[in-house]
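Me: I would like to learn how to read a side chain and a pocket in a model. Please take me through one case.

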Amino acid sequence: MRHIQRKMTTNPYKVVLVRHGQSVYNKENLFSGWHDSDLSTKGVIEAIAAGQLLKQKGYEFDIAFTSLLKRAIKTLHLIQEELDCHWLPVVKSWRLNERHYGSLQGLNKSETISKFGPECVHHWRRSYDVRPPALDKNDPRWSGRSRQYRHLDQGIIPASESLKDTVQRTLPIWHDLIAPEIKSGKRVLVTGHANTFRALIKHLDNVADTDIADLNLPNSVPLVLELDENLRPEKYYFLGTLDDGESEQGEKAKSNRSMGSDKFS
């Protein structure tokens, strides 16, 4: 990833991003997208561990944001339990949902590769501006059938999304809600999804289209972004190091730092 060296100063702002714990669909190797997959047993344990780690490191929050998908919402609830902050104001938004994988949602990833070929599936998953095959609105999997989206204009519910589409969907909540809270001095926590966070980081750090898909975000490993006065990242790092040595989460985080930015520490 192209890196612009900036003058190091005391970074005035932070935001913490936590990808949801392992979902049932993650465990079963299925495409998730907007499907409302629950946390697996392992995912519950991961989310609790994230909360414990944040508590150990002394993190406190004033407001939280999450998606309308239960795997992200339950991850937030479990973190709140560990931090004893059930009172925390929470904003839920469809704009923080995972990237919509179209008609791939619910399909086994290995079987999909066998059917369409590895190059085709890789193109759908990792190209910045390529959408997977769209989901028909008459399909039982169509998100417009779900109660949590009945308040939305059915015309804006995606049938499939590229990462570029996900960036465009996510940015309004960053500009309108999240960024102003950070600028006001509030300590912000966001629980969400891998592609949502890729979208935010791409925008904030001007990551190249060809590089952003290589940013891997482990389940439930808190990612701290230290931001300058313009909310541009000076540094970001995973919380995964315990005082008595490297935790399992820390090792997993370090093994997934494939974006190549020296802002990771």
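Reply: The side chain of Arg 71 comes within 2.7 Å of the backbone oxygen of His 35. A polar contact is a pair of N or O atoms within 3.5 Å; within protein, one must be able to donate a hydrogen and the other to accept it, and residues adjacent in sequence count only if both atoms are side-chain atoms. The model is predicted: local features need pLDDT of at least 70, side-chain atom pairs count only at pLDDT 80 or more, and totals for chains, interfaces and linings use all residues. Residues are numbered from 1 along each chain as its sequence is written, and side-chain values use heavy atoms, with hydrogens and water left out.

Me: With which side chain does the side chain of Arg 71 make a polar contact?

Reply: That partner is His 20, at 3.4 Å.

Me: Is Arg 71 buried or exposed?

Reply: Buried means under 20% relative accessible area, exposed over 50%, partly exposed in between (1.4 Å probe, protein chains only). Arg 71 counts as buried because its relative accessibility is 1%.

Me: How far apart are Arg 71 and Gly 192 in sequence and in space?

Reply: They are separated by 121 residues in sequence and by 8.3 Å in space, C-alpha to C-alpha.

Me: How are the residues of the lining of the largest pocket divided?

Reply: Rolling a probe the size of a water molecule over the atoms shows where empty space is left. Here the lining has five nonpolar, nine polar and 11 charged residues. Ala, Val, Leu, Ile, Met, Phe, Trp, Tyr, Cys and Pro count as nonpolar, Asp, Glu, Lys and Arg as charged, and the others, Gly among them, as polar.
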